[in-house]
Amino acid sequence: MTTEQTPTGDTEGAASPAPAPAEGTSGGATEAATGAAGDGGAGVSGGGTEPGAHAAEAADGDRDDAGAPDAGEPTSGGRADDADASARTPSAGATEDAGAVSGAGDGGAEVAAGGVESGGPPAEAGVPGSAQGASAPSEAEAELAAQRVERERIARRKAERQGPVESGRKLSGTAADLLAAVRAVESGEKPSAPSFVEAAPAPRRPAPEPVRRPEPVPVAAAAPDAETVGAVRAVLAEGGAPEALAPQAAVALGEGAEDTLRADPWQLLRVAGVRPEQADGFARALLGAECRPDDERRGRALTVWLLEQAAVAGHTALDLPTLTEALGKRAVPDPDEAVQSALAEGDALVFQDALEEPGAQPAAARTDEQEEVPVRVLAGLERYALAEESLADALARLVTSVPKEAEEPWEAAVAALTGGAADLARQVAGHGLVLHTGGEAARAEPAALLGAARAAGLRGFAVCHTPDGARRFAAHLGEEPGGAVGTVAGLLSGASGPGRDAEGALDLDLLIVLDAPQLDVEAAAMLAESLPDGARLVLSGDPAVLWSAGPGRVFADLLAVPACPQVASRVPDPGPLGELVSGIGVGELVQVEAPGKEIVIVPVRDAGEAVHRTVQLVADSVPRAFGVPPEETVVITPGHGGAAGTRALNTVLKERLNPGPGRFGGFDPGDRIVHSPAPGRTVPGRVVRADAAGLHLECAGAPVVVPRELVESRVRHGWALTAHQAVGGRWPAAVVVLPGDAADVLTRPWVYTAFGRADRHLSVVHGVEQALPRAVAESVAKPRTTRLRTLLRVQLPPAG
């Protein structure tokens, strides 16, 4: 490992046995992560958020603008790495309540922002007009429409189930009251609402003979009409909220949005970026003296908002006591009543899970005479509860629908392979679900499996989290992406992959999902539900990287349940970089020999020096020493805000590498960007031009046009990224920036992910002193509350 010590040095610096310590903290001081609890009329006067200077960044939940913390409510440091833009946010504003509610998610999911920043117009005259001229839906629109269709199909299947299993007989107090409220809804005593039930899996369907058919192009949801937006704008203006929120509010609230806001001003919380105190201010302006902290509408809206914030932090549900405690901190006088009101209206669901000790007999297998197991009562949003149940059902169907004896094509595939690939193939031949773990080099094993399966006449396909991942995996097959390899988003949208059979299932015998830790619960459910009986599903990935941007921890939950074979690759990642990252994965920041200066440590004293050295490395040192041009180097930093966050770094990198006036909403042709076409996705690219249709980009080799009105929320500069944005991709060189104020938010998964993005060279701009080895040794991923393990233990027998 090489350490930079001269003020103006570069990657040719002298070797040193250990990084030189840096002192001080960066200019981006640690800021509190939580806002003051709102009361009936308290909060931001005038209500509402300010128009965002860059909504794509605000949606990431940076800590740049956080307010003061609530009394007794935890704060979460000054910076963090969040998922991309709309990645996990039903509300793009502060995510501190996800942390306050639940301890926050992994790898920086606990970030906070004080709403959306103010800023200039998203575009100037260079980008007039809109996307009305588009003749066909984009991949993002097709993906979202396909997800809606798939959710409807899952919901129909769930509706076919039988009645609920009797449960909760021994509960008392609040838990019993909530379950009684649910049963009252089911019996018709209260307004009808969906309920969460435990029932036997649906009958297995026989695998039909695949019939290829043209895949229909999903129709994108229509934008709200000008009249509706105008009516909403008038209501917002009356309540003192920014009129710029009108299009988002019209989309979020649907038909009659203006009437909804007048009847229940706290529904403004359904708009991305709006915080409770801002909704309180809006309600006070509309309702006057009628606005009270104990308003039932307020308690109900805050319940939903807190559950959404928990989902931002990665949780699919919350323990009931945690939820009610958070409501109390938001000045809700009767938290229990607020939750019951949300249940009665169908805005939330309540359910209970058995708390079982490892190795204990599953609760479903116990008789009435045996001791009753303790349970935990949870609350959650319907979409995530439904997704987790559907995923468990689909995985159980795949596991139990595989024939006892492997078919001849599978035997031929196994015979064609050797080593770790043969071990993987043997497990896949006899099981419907197989987990495969390993680093970048281990991808060669599922690639060999896919090649052998296709050669044996089986219909196989592989998907990755990013187009870059698909390109790298296809290289193992000697192919270009698009044939047998695609992305998860492309497969779900129908843009790539096989056709579907008469029942809508994918025409596949084998689906390999790479980057499996990046699967959130909804994407995983849609993939599993799309596979026919008898198909094999292989989930492959590195369990040490950051978890998914969206809610759930599917891969980690499956690894924790011994219900299917797990194949651990023995193929190590090569070279000094592979040795360094492998050590981080087991909690050790080891000193490695790097004779080719594959790893360089650049100590800095403060954030200003960190920014200066980062620009020097990207623009001069790395290209000169390693021949890697700036466009092939990625800069990774823990958060968007602060003096060395992505915003600051992208500003100075643009000035150095592609200076320009930013005539197109802050962008110029040649700018390096990341595009967020749908929640949970970021695709690197560059700006080509702008015209009446919008901003023209090139992303993963494909042209993309972003309408003017969506540029602010979907496109941001991309020289510097967060680790969550970079996960799934690799670059020839990576510069990881660790300013002093990042010390409290570093975790082992974050460091592992950031350092692992480099193929040939890694420079670490190091200003956190001993916080780095301490984070690697001690700071593991924060837990997420999910139900998948419990559901799988009930439905799946232990793997033999």
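**Strands, burial and salt bridges in a predicted model**

Mentor: An open sheet of three strands has the order β2-β4-β3, and its pairing is antiparallel. β2 (318-319) and β3 stand at the edges, each with a single partner strand, so one side of each is left without a neighbour in the sheet. This is a predicted model, in which local features need pLDDT of at least 70 and side-chain atom pairs count only at pLDDT 80 or more, while totals for chains, interfaces and linings use all residues. Residues are numbered from 1 along each chain as its sequence is written, and side-chain values use heavy atoms, with hydrogens and water left out.

Trainee: What makes β3 and β4 paired strands?

Mentor: Strands are DSSP runs of E with at least two residues, and helices are runs of H or I with at least four, numbered from the N terminus. Two strands pair if DSSP finds at least two bridges between them. Six bridges join β3 to β4 (residues 375-380), and the two run antiparallel; V350 stands opposite A379 in β4.

Trainee: Which strands pair with β5, and in what sense?

Mentor: β5 is joined to β9 (residues 536-541) by five bridges, and the two run parallel. With β10 (residues 566-568), β5 pairs in the parallel sense over three bridges. L433 stands opposite L537 in β9, and H436 stands opposite V567 in β10.

Trainee: Why is strand β5 called largely enclosed?

Mentor: Buried means under 20% relative accessible area, exposed over 50%, and partly exposed in between (1.4 Å probe, protein chains only). Five of the five residues of β5 (residues 433-437) are buried, so the strand is largely enclosed by the rest of the structure. L433, L435 and T437 point one way, V434 and H436 the other way, and all are buried.

Trainee: Why is C464 called buried, and what of C564?

Mentor: C464 has 0% relative accessibility and therefore counts as buried. C564 has a relative accessible area of 6%, so C564 is buried.

Trainee: How many disulfides are found in the whole structure?

Mentor: A disulfide is a pair of cysteine sulfur atoms within 2.5 Å. A search of the whole structure finds zero.

Trainee: What makes E296 and R300 a salt bridge?

Mentor: Side chains of opposite charge can pair when their charged atoms come close. A salt bridge is a side-chain nitrogen of Lys or Arg within 4 Å of a carboxyl oxygen of Asp or Glu. The closest N and O atoms of E296 and R300 are 3.7 Å apart, and the pair forms a salt bridge. Both residues lie in helix α9 (residues 296-312), four residues apart, about one turn of the helix. E296, at 49% relative accessibility, counts as partly exposed, whereas R300, at 13%, counts as buried.

Trainee: Which residue forms a salt bridge with R300 at 3.8 Å?

Mentor: That residue is D347. The pair links distant parts of the chain, 47 residues apart: D347 is in the loop between α11 (335-344) and β3 (349-354), and R300 is in helix α9. At 22% relative accessibility, D347 counts as partly exposed.

Trainee: How do you know that R787 forms a salt bridge with D353?

Mentor: Their closest N and O atoms are 2.5 Å apart, against a limit of 4 Å. The pair links distant parts of the chain, 434 residues apart, with R787 in the loop between α26 (771-778) and α27 (788-795) and D353 in strand β3. Both R787 and D353 are buried.

Trainee: What joins E440, R443, D468, R471, R472 and D515 into one network?

Mentor: Salt bridges that share partners join these residues. By this rule the count comes to 34 salt bridges.
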